[in-house]
Amino acid sequence: MKDPFKIKNFDLEETSILDLQDAMAHGKTTSRELVFCYLSRIAKYDQDGPHINAIMEINPDAIFIAEALDLERQRKCSRGPLHGIPILVKDNIETGDKMQTSAGALALAQHVSKEDAFLIRRLREAGAVILGKTNMTEWANGVSSTMWAGYSSKGGQVTHPYGEFFTGGSSTGSAAAVATNLAAAAIGTETSASILSPAVQMSIVGIKPTVGLISRSGIIPFSYSQDTAGPMARTVSDAAILLSALVGRDEQDPATWRNESCHTKQDYTACLDREGLYGARIGVFCEVPDHVRESGEYDEALFNQAISDLIKAGAEVVEQIDIPSFHGPWKWNKMNLEFKHGIENYLHHLPAHMPIHSLSELIEWNKEHAEKALKYGQDCLEFRERLADPLKNKDYILESIMDLHLAQNEGIDYAIQRNQLDAIMFPAYIGADLCAKAGYPSIAIPAGYRENGRPFGITFAGTAFSEPTLIRIAYSFEQRTKHRKKPVFN
């Protein structure tokens, strides 16, 4: 029987976007065939076999879209490196097609958006095939303090492709799908660690961009000040290609107005330099919280090996750097109040036929359908629903200022300026909260595997709009170490 996952002696697994593009350009395959093969893998690995459960639903028009893009290619019309490439997107990102946008919530199970999110329009313009939606932690982990990462009442539990390990963050479906080769790449979203954490857990690359590099229009909100979408891929080059397509000024999102690079076409692949670590000055933050050590997410030997690899590549490493605000004192009033206001706004604008239009109605709907909707309760929703005057609250106003001051002036910027650094390296994703509050970029990258097979990763972080530097450093580290291994299923 012919192997359905091979295309004319062309192996789909672990194949980069540029290699897929080259194969289509030379007639070895087509976008239609790529869609067929990824759908076959989804049926085999996501819905059957190991049952990864990363996919919320498939785009029923994906094959038609791929065929149209193949016709464009035949006419010698190429839209660039994403032309005909199948991409998955997280279920809190609106698509103006037949798919639903639910944030994993049963209450929004029938919600079909009227239009694409800004970033989805960018992907379509670049020629990407939106293959489907990915499962996620419901409401981006905004429902319950006990909800397991990667669980949603609509989609169920995402499982880890490498074993019985913690799946991490709310963009778990996107990470698991990429790790399992269910698409060429995926889009996740992050408020704090929701891209970086699952990327580290599942041995892939995740870029959490500067807030405002990518438009937030059309993404179900969690935090006005910290939300961002970002690429999740198996390689730095694939992540750079995807990021290049996502960047753009959006008149509906003021966060994008302050970035000069949004006014011009970006090509982050120009930053892919195998010698990018040579001469780079990188600060290493070595203070690992006890709960991270106890969770199994940290491996001292692998982290020390990563430091050694930086030095061998010609980087100037500054160890034991100090970040005064790393431990805060942080509060969470801002996040809670922004969630309340953002979700209320989003629900208010839903079509009249939808069953909920406010946070209180969502809570009551969940109670009425508790058997299916409230496996873990909804204490976080109930707490936030009781908050009054979210954007008028003095705690919100003061914390908005203090978060930026502490995370930037006494945090990332302090460490970079004092030590004259190009970037900071953190073990696993322990710098995620700090970067999230600062609105600054990070990139997660594989850094080996523990004895039990659990992936380990590191993150490089920098100041605002330092994505080119971070990509250059991460790519060099990746090319010199080649840590990533695909998961093996029986």
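## Interface between domains 1 and 3

Buried area is the accessible area (1.4 Å probe) that two parts lose on being put together, summed over both. In this predicted model, the area buried between domain 1 and domain 3 comes to about 2,400 Å², with carbon and sulfur atoms giving 63% of it. The contact involves 26 residues of domain 1 and 27 residues of domain 3.

Polar contacts join 16 residue pairs between domain 1 and domain 3, both residues being at pLDDT 80 or more. Salt bridges across this interface number zero by the rule applied.

## Domain division

The chain is divided into domain 1 (17-262), domain 2 (281-330 + 401-461 + 468-475) and domain 3 (333-390). A distance of 25 Å separates the C-alpha centres of domain 1 and domain 3.

## The eleven-stranded sheet

An open sheet of mixed pairing is formed by eleven strands, ordered β3-β5-β4-β8-β10-β9-β14-β15-β13-β11-β12. On average, neighbouring strands are turned by 30 degrees against each other, direction ignored.

Within the sheet, β14 (residues 442-449) pairs with β15 (residues 455-461) in the antiparallel sense over six bridges. Ile445 has Ile458 of β15 as its bridge partner.

## Helix α5 on the sheet

Helix α5 (residues 172-179) packs on the sheet and touches β3, β4 (86-90), β5 (129-134), β8 (185-190) and β10 (228-233). The direction of α5 makes about 155 degrees with that of β8.

Methods: Residues numbered from 1 in each chain as written. Predicted model: local features only at pLDDT ≥ 70, side-chain atom pairs only at ≥ 80, totals over all residues. Heavy atoms only, no water. Pairing = 2+ DSSP bridges. Helix = DSSP H or I, 4+ residues; strand = E, 2+ residues; numbered from the N terminus. Axes fitted to C-alpha atoms, helices over the stretch in contact; angles between N-to-C directions. Contact = heavy atoms within 4.5 Å. Domains from an automatic or database assignment. Salt bridge = Lys/Arg side-chain N within 4 Å of Asp/Glu carboxyl O. Polar contact = N/O pair within 3.5 Å; in protein donor to acceptor, adjacent residues only side chain to side chain.
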